[in-house]
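Here's a quick walk through the model, from its inside to its surface. Have a look at the fold first, then read on.

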Amino acid sequence: MKVLLWLVLLVALAVNISSSFVFDGAQQAVISVATGLAALAAGITLYVTRDKRASQ
């Protein structure tokens, strides 16, 4: 599960960064918002499901 979340986070960040170079206008904004939300959701889920013992 966590491997999939890390994959989603990394792919979303990569697409978000590269979308500004490939797309323009409203299409770039929609892709940026969608990948940003996916990255936030994956990051928050990874934070919530982290191993509590390792952080001490």
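## Ser-19, tucked away

Ser-19 is buried, at a relative accessible area of 2%; buried means under 20%, exposed over 50%, and partly exposed in between, using a 1.4 Å probe and protein chains only. You'll find Ser-19 in helix H1, where helices are DSSP runs of H or I with at least four residues, numbered from the N terminus. Setting aside residues up to four places away in sequence, Ser-19 touches Gln-28, Ile-31 and Ser-32, a contact being heavy atoms within 4.5 Å.

A word on the ground rules: this is a predicted model, so local features need pLDDT of at least 70 and side-chain atom pairs count only at pLDDT 80 or more, while totals for chains, interfaces and linings use all residues. Residues are numbered from 1 along each chain as its sequence is written, and side-chain values use heavy atoms, with hydrogens and water left out.

## Across to Ile-31

Ile-31 sits in helix H2 and is partly exposed, with a relative accessible area of 21%. Apart from neighbours within four places in sequence, Ile-31 is in contact with Val-15, Ser-19 and Phe-23. Ile-31 and Ala-12 are 19 residues apart in sequence, and their C-alpha atoms are 9.8 Å apart in space.

Which residues make up the largest nonpolar core? The six are Leu-5, Leu-9, Ala-12, Ala-39, Ala-42 and Leu-46; such a core is a set of buried Ala, Val, Leu, Ile, Met, Phe, Trp, Tyr and Cys residues joined through side-chain atoms within 4.5 Å. Helix H1 (2-22) and H2 each bring at least two residues to this core. Leu-5, leaving out neighbours within four places in sequence, is in contact with Ala-42, Thr-45 and Leu-46.

On H2, the buried residues are Thr-35, Gly-36, Ala-39, Ala-42 and Leu-46, and the buried residues of H2 pack against H1.

Tyr-47 belongs to helix H2 (residues 26-48) and is exposed, with a relative accessible area of 54%. Together with Val-33, Leu-37, Leu-40, Ile-44 and Val-48, Tyr-47 makes a nonpolar surface patch of about 650 Å². Patch residues have over 30% relative accessible area and no salt bridge, and nonpolar side chains (Val, Leu, Ile, Met, Phe, Trp, Tyr) are joined within 5 Å, like charges within 9 Å. A salt bridge here is a side-chain nitrogen of Lys or Arg within 4 Å of a carboxyl oxygen of Asp or Glu. Accessible areas come from the Shrake-Rupley method with a 1.4 Å probe, and for residues only the protein chains shown count as cover.
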